[in-house]
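Visitor: I'd like to learn how to read a few features of this structure. Can you walk me through them?

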Amino acid sequence: MADIIIIGGGPAGLAAAVAARKAGVQDILILERDHILGGILNQCIHNGFGLHTFKEELTGPEYADRYIRMVMAEKIPYKLDTMVIDINKDREVTFINREDGLQTVKAKAIILAMGCRERPRGALNIPGYRPAGIYTAGTAQRLMNIEGHMVGRKVVILGSGDIGLIMARRMTLEGAKVEVVAELMPYSGGLKRNIVQCLDDYGIPLKLSHTVTNIEGRDHVEGITIAQVDANRRPVPGTEEHYDADTLLLSCGLIPENELTRGIGASMNRVTSGPNVSDKLETDAEGVFACGNVLHVHDLVDYVSEEATLAGTNAAAFVQSGQKSAGRPVPLTAENGVRYTVPQTLDTENMNDQVVVRFRVADVYQNRSICVYYDDQKISSVRKKVLAPGEMEQVVLKKDSFKDYPDLKNIRICTEEA
């Protein structure tokens, strides 16, 4: 029996564990499938982490180390090389490792912090053989930064997610020639700063509304053909461009790791591919909380840590009270250019003094306003010069703003012409 079991020892799991301990819960267990704590940050050796959380610029391993040291200082137990294979509705967690074998431990509360995985080539329907030289960007990052293997010399990258952009710079610095970054959508999926620092600074072209149409080579990649796509994302005949290449990196999106979440019966959000949660970050499976990239894909690890701290604090409160507090949950609705919101419901009676609602937009917009409506009443409007899908946005809702709306039925977050 444990008070709180945390599944995942990456930045989300570590921050949640520290927050739960500081909130007064002693019996905490972290389960991590890798051989070290820190998660994906261990292979992210570039800087840019920690500006919000620690007010200084750190590399990924340095950021992870800050939280690992906090876990060690709090003497929070953890198990490495441990795979969780099942969670049931009674909050019983079944896991396996070499030391303990197969074990089942019941928890008073569970925090899901499993992170996300990359979308593989098989999901992209690229024609051609299956030669060596095709990697997801994250796999290439691990091979280069942790295991010391150079994966290629002449590179084409499909997808302009942040990992792909960062790997374009990384491979260039190691002497490779990155021929082009092709992006299916008419906008980049990465942060603007990464486009500038990883592509523009090194003269690497970014071709929007392009995709890979052919991969040459049987045993190893020998060439890549890309083509422009139309409004229906179909290749336009006559726009093909050929590149001699020995490597194709795929940076085509991230998918939250939610097989365990589905198994416990939590309802899933079709846009985020993560669970629906309340403002406490509790799923509709009672006592099961979610945070970090397993909930929705973040662009900044600082926001992951902030979200995980909230999940850990709320999980501790659940353990100490033993049940949900009865309240009045109000649904949040994403409309007119806003793709989703996290959380999906907000308890206006029992919420914290303020709740941060995070979301992404559906397209690139210029001179738009982010608006919040309580039913049909506009509460706030903030003008933005540019909104882009690669940049997470947020609004802050304050508890005292609901006192004049006792019968509130819906909170709408949308974009409007400025």
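Guide: Start with burial: a residue is buried under 20% relative accessible area, exposed over 50% and partly exposed in between, with a 1.4 Å probe and protein chains only. Strands (E, at least two residues) and helices (H or I, at least four) are DSSP runs numbered from the N terminus. This is a predicted model, where local features need pLDDT of at least 70, side-chain atom pairs count only at pLDDT 80 or more, and totals for chains, interfaces and linings use all residues. Residues are numbered from 1 along each chain as its sequence is written, and side-chain values use heavy atoms, leaving out hydrogens and water.

Visitor: How many residues of strand β1 are buried?

Guide: In β1 (residues 2-7), 6 of the 6 are buried, so the strand is largely enclosed by the rest of the structure.

Visitor: And which strands does β1 pair with?

Guide: Pairing takes at least two DSSP bridges between two strands. β1 runs parallel to β8 (residues 101-112), joined by 5 bridges, and parallel to β2 (residues 28-31), with 4 bridges. Take I5: its bridge partner in β8 is I110, while in β2 I5 stands opposite L29.

Visitor: How do helices α1 and α7 cross?

Guide: Axes are lines fitted to C-alpha atoms over the stretch in contact, and angles run from 0 to 180 degrees between N-to-C directions. Here α1 (residues 11-22) and α7 (residues 301-321) have axes that come within 7 Å and cross at roughly 40 degrees. Contact means heavy atoms within 4.5 Å; the residues making it include A15 and A19 of α1 and A308 and G312 of α7.
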